[in-house]
Amino acid sequence: MLQEYMDRKYRTDNKPSVEANLIKNNVAIVGIGQTQYTKNSGRDELDLACEAIQNAVDDAGLKMSDIDGFDTFILDRLSLPMLINSLGTPNVRFSCEVSGGGGAGCAVAVHAAAAVATGQADYVCCYRSLNEASGHRYGRGDDFIEYMPVALTPNYGYIWPLGFVTPLGWAGVWGRRWMHEFNITREQLGWWPVVLREYAQNNPEATYFGRPMTHEDYMESPMIVDPLKLHDCCVNTDGAAAYIITTVERAKDLKQTPAIIAASAQCCPIEQEIQTIYQRPSISGLVETWYVGQELYRVAECGPDDIDVAQLYDPYSIGGIIQLEELGFCERGEGGKFVEGGDNIRIDGKIPCNTAGGLLSEAYLHGWNLVIEGVRQIRGTSYNQVKDVELSMVTGGPGVASSGIILRR
Amino acid sequence: MTVEYNPDQKIPHPAMWGVLYKSSTPFWEGVKNKKIMLQKCKSCGNLLNPPRPMCPKCQSQENEWITAKGTGKIYSWVTFNEAPHPAFKAPYAAVLVELDEGPRIVSNMVDVKPEDLEIGMAVEVTFEDVAEDLTLPKFRKAG
Amino acid sequence: MVKLIEGIPIMRPYIDLDNQGYWDAVKNHKLVLQYCTKCNRFIHPPRPMCPTCRSQDTMEWKESSGKGILYSYVMFTSPKMAYPAYELPYAVVLVELEEGVRIVTNTHEIEPDEVQIGLPVEVMFEDLPDGQTVYRFKKREA
Amino acid sequence: MAIESIKDKTAIVGIGVIDFSTNIGRSEWYSACQCIKLAADDAGLNIYDIDGMVKNIDDGPDPSYVQKGLGIDNLTYHSESHWGTSAMMNAVQGVASGSCNYCVYYQAAHRVSGPEKSISDYRVAREVKDDSLDMIRYDFFSPFGLIGQPGYVAMMYRRYMHETGITPEQLGWIPVVDSENAAKNPNAIFFDKPITIDDYMKSKVIADPIRELDCAPKVDGAIAIIVTTPEKAKSMKQKPVIISSNAAGMAPEGQFHTSYTRDVITELPEMKNMGDELFRIAGIGPKDIKLAMLDDTFTPYVPLQLEALGFCGKGEGAAFIEGGERIRVGGELPINPDGGLIGQGRFDTTRIVEAVRQIRGTSTNQVAGADTILVASGAGGPADGLILRKA
């Protein structure tokens with residue numbers, strides 16, 4: 001099982017050829033939009049979605065009626081017909097939802113790109129709208145009592161009744177195993193959240209803007225689920241974000257510098273459970289992220305050294321750091337050392353990461369904010385702009401069926 | 001004939017959905033005050049039914065609420081010979097009323113037997129307290 | 001450890017046609033695992049098809065020795081992410097059984113500072129007041 | 001270069017269908033694994049080569065579950081879709097865009113005996129906690145007792161009767177012809193023998209004017225369909241069925257079965273948008289279609305689909321179906337020779353399966369010369385469809 005991963009030898013003979021890939025270099029993200037990220041929006045999610053989508057449409061220089069496709073991932077609380085009835089888009093030809101939770105952060109772009117590349121839609125809007133701070137939050141323990149007397153699925157039945165209902169806990173199990181096998185220290189872990197918080201100080205839209213944090217602050221923060229401390233965990237956000245995907249051909253006539261998709265990848269390796277990926281031979285790595293990285297590099301015909309800036313889906317610090325290993329930015333087991341001191345992931349480091357503050361310090365918008373920052377880095381409009389960005393990588397969540405894209409100028 | 005309810009069963013309440021669709025709240029607040037409220041786009045005057053946070057014609061997010069006259073015509077109806085929900089006693093009818101302002105809303109008739117219903121029948125609103133915490137707009141034959 | 005707080009129900013497992021045998025056994029204080037008689041392989045979690053030979057009728061339930069090693073764990077220390085039916089702190093551990101599969105479980109009579117990767121453990125069962133039977137793991141001699 | 005359209009870029013190479021039942025005695029997970037295995041056998045494909053999976057969001061277990069049984073190491077493409085058979089579009093895009101080689105679309109749903117909620121991650125949790133997450137704004141209907149799809153459709157149907165004069169004696173020919181066809185299809189378990197129009201008229205009126213026989217019954221079933229490129233199909237076991245065209249359509253003011261706020265409520269504009277796109281991509285018109293697989297979940301939608309897809313003019317649907325001659329096998333436009341959903345139960349992918357069998361020439365109720373077939377799904381809401389042709 002998972003021999004390719006165990007041997008670190010990616011099979012390419014069973015993949016569609018790079019020439020057959022219609023997405024590569026043919027599709028681009030041309031518009032980005034968001035609402036304010038707050039702790040209590042006082043508005044419903046449909047309302048927030050409408051605003052973010054309108055902003056994305058304006059940003060692209062399009063009309064609302066141009067949008068003919070919609071895409072998001074499951075766990076979405078909106079009714080698509082109601083969204084369309086509000087936006088007034090006359091003929092929607094494509095819609096899709098991707099499963100896998102946060103892992104689908106980029107898979108949504110993959111499917112939208114596939115629709116655009118095959119002529120099934122002209123302009124697809126990928127949207128996300130949440131009231132997780134003030135309303136319902138996915139993955140909190142106390143939520144479960146009132147509405148879930150029985151575990152949700154057969155496989156959760158072996159896990160959830162043990163007082164084990166939160167993604168943070170599930171990830172803690174493989175996170176601890178990683179720390180154990182490679183002697184990763186808590187001091188090392190802390191540098192990921194600390195550097196992200198530094199980035200957020202330059203981003204006025206970030207939740208933690210104006211609230212700096214030192215490594216000492218991190219060390220003193222309370223333990224939430226041992227091995228994770230409060231500041232290892234993502235923020236709660238009310239807000240919405242959207243981006244628009246079309247062909248490179250159409251992008252030429254639009255307002256913005258297009259962020260061209262050089263490669264897109266999705267993967268669901270076997271024995272996948274949402275975070276509780278405990279049956280695999282080794283659980284101290286992220287099989288999903290490795291597959292995504294390999295496929296991205298294969299299609300984009302590049303390697304980790306060519307990537308200028310990365311937005312890694314980090315619902316908790318370990319999820320971000322192990323991804324650095326699996327994507328080849330550092331050796332396996334070296335993630336702790338790599339982030340120590342923070343320089344490697346700072347703006348002029350080896351691989352600047354989550355330059356808007358990521359999920360820990362900017363917003364937890366299920367990865368939409370990461371795609372948007374990935375686009376800004378290509379446009380040259382980031383609050384923490386990396387110099388001369390040619391290739392900008394974005395990934396989906398760790399420990400779930402995952403995804404990723406590489407954007408280029 | 002008026003819709004009859006089984007007293008030991010809870011009639012489906014609209015309030016359950018208020019969290020997700022805040023836009024609907026003024027409509028149900030209006031019903032409590034015995035008014036039918038309609039959402040109107042401030043920018044182009046389009047009536048938005050059902051309520052929503054953006055006008056599909058002009059994409060404005062500014063809107064206001066107006067009070068409907070409460071008169072209209074039956075546009076279509078269904079007679080339930082079997083109750084799909086235990087709170088309702090079959091047979092009963094659900095009607096689709098086209099208000100004079102234009103929007104169509106689903107409701108029930110008061111004092112009209114299902115077999116006497118016809119498309120085009122002129123109707124006017126009346127309000128019925130069907131449960132302690134639920135008032136519904138219903139319609140009766142006009143005049 | 002793992003103390004239940006009175007009055008708060010604990011979640012029940014999702015029992016369906018594929019895992020009925022597993023939960024029936026737990027009720028009888030036995031830990032069984034799904035086993036493919038064609039591939040001579042233990043499989044967990046239970047499923048309707050063997051992923052190696054893709055047969056749908058060669059699977060049976062085989063009793064586990066109940067012995068294993070603590071492979072990894074988390075310790076719930078804050079009410080924020082914990083399930084409110086349990087007294088804090090409580091551990092959730094991943095045990096690698098002798099049969100090669102890993103199962104998630106709680107601990108029995110193991111102090112928080114004793115919960116460590118590599119600890120030899122074995123299964124025990126407890127009948128809860130609400131009629132449920134649960135399995136937990138306690139220390140054993142290596 | 002991005003391509004202009006998906007015309008002829010993909011093909012169906014395998015179908016797997018389990019025996020339908022009203023009490024199947026196994027889990028949906030079991031059936032999902034089983035039907036994919038059957039489809040791979042049918043295609044002559046090694047299951048290990050499947051690298052894409054799509055499904056309807058509400059049906060059956062997620063790809064990550066099915067994969068655990070099938071032993072597929074990695075999927076490079078998977079997604080879910082809401083309505084009808086629109087997941088097919090994702091399969092087509094995945095293969096055509098070069099994102100995967102062999103994409104399987106599976107629908108495993110035990111709607112009679114199965115769990116009320118399918119094993120599909122958080123989705124169920126949301127529904128348990130908060131029914132709002134469903135697609136319709138029920139809050140304006142439920143307090144008045146307008147509950148359930150038969151009622152929703154009845155509201156539209158009454159208006160349709162008023163506007164066009166269609167009668168139950170005319171509409172009844174849909175279940176009558178469905179029952180004739182179903183009697184020939186062993187997997188259509190709801191009719192052993194044909195019914196007459198009298199039988200239909202005696203059928204219980206549940207939400208006047210909708211009768212029991214106007215609604216497709218629930219069923220336990222599972223179906224898998226494998227899609228790949230025509231090039232790869234050449235070396236496979238079955239003669240490929242080429243996907244000439246595939247499209248989906250939505251329209252303003254749409255709600256599931258309850259688009260009552262539109263100016264005209266007795267049309268299917270989603271279906272019209274979808275059909276126009278379908279014919280545009282395929283480069284053909286309604287006259288070229290030899291057989292139509294239409295959505296008969298609720299019978300009033302059949303004449304409306306005939307109108308929306310251009311098989312007859314507006315308001316002419318009733319006359320088209322009356323007497324059944326034009327829609328029987330051998331007629332001008334045979335419809336649902338497998339017995340439709342009235343005969344087989346609510347299971348949208350049966351339409352694709354029957355279309356594939358007709359083109360292969362292996363149907364139990366074969367239509368002569370059925371080389372170009374239209375499949376339509378999602379009547380009364382977002383619509384989707386396919387035009388399939390012989391290679």
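Trainee: Over which residues of chain D does pLDDT stay under 50?
Mentor: This is a predicted model, in which local features need pLDDT of at least 70, side-chain atom pairs count only at pLDDT 80 or more, and totals for chains, interfaces and linings use all residues. pLDDT is the predictor's confidence in each residue, from 0 to 100. Where pLDDT is low, the predicted coordinates should not be read in detail. In chain D the stretch under 50, with 42 contacts beyond four places in sequence in the model, is residues 117–136.

Trainee: What pLDDT does chain D average?
Mentor: In chain D, 94% of the residues score at least 70. For the complex, the predictor gives an ipTM of 0.90 and a pTM of 0.92. The average pLDDT of chain D is 92.

Trainee: Of the five pairs of chains in contact, which share the most contacts?
Mentor: Residues are numbered from 1 along each chain as its sequence is written, while chains are lettered from A and ligands numbered from 1 in the order in which they are written. Two residues are in contact if their C-beta atoms, placed from the backbone, lie within 7 Å. Chain B and chain C have no contact, and their closest C-alpha atoms lie 23 Å apart. The pair with the most contacts is chains A and D.

Trainee: Which element gives the largest share of the side of chain D that touches chain A?
Mentor: The contact takes 57 residues from chain D and 56 from chain A. Helices (H or I, at least four residues) and strands (E, at least two) are DSSP runs, numbered from the N terminus. Those of chain D that each supply at least two residues of this side include helix H2 (63–70), strand E3 (74–75) and helix H10 (269–282). The largest share, six residues, comes from H4(D).

Trainee: How many residues of the side of chain D that touches chain A are charged?
Mentor: Ala, Val, Leu, Ile, Met, Phe, Trp, Tyr, Cys and Pro count as nonpolar, Asp, Glu, Lys and Arg as charged, and the others, Gly among them, as polar. On this side, 24 residues are nonpolar and 21 are polar. The charged residues number 12.

Trainee: Which residue of E3(D) stands opposite Pro269(A)?
Mentor: Two strands pair if DSSP finds at least two bridges between them. Strand E8 (residues 259–269) of chain A pairs with E3(D) in the antiparallel sense over two bridges. Opposite Pro269(A) stands Asn74(D).

Trainee: Which element gives the most to the side of chain D that touches chain C?
Mentor: Here 13 residues of chain D are in contact with 10 residues of chain C. Helix H1 (28–43) and H2 of chain D each supply at least two residues of this side. The top contributor, with five residues, is H1(D).

Trainee: How far apart are the C-alpha centres of domain 1 and domain 2 of chain D?
Mentor: Domain bounds come from an automatic or database domain assignment. In chain D, domain 1 covers 10–126 + 222–233 and domain 2 covers 146–215 + 241–390. Contacts join 20 residues of domain 1 of chain D to 25 residues of domain 2 of chain D. Their C-alpha centres are separated by 24 Å.

Trainee: In E2(B), which residue is the bridge partner of Lys40(B)?
Mentor: An open sheet of three strands in chain B has the order E2-E1-E3, with antiparallel pairing. Strand E2 (47–48) and strand E3 (63–67) of chain B are its edge strands. Strand E1 (residues 37–41) of chain B pairs with E2(B) over two bridges. The partner of Lys40(B) is Leu47(B).
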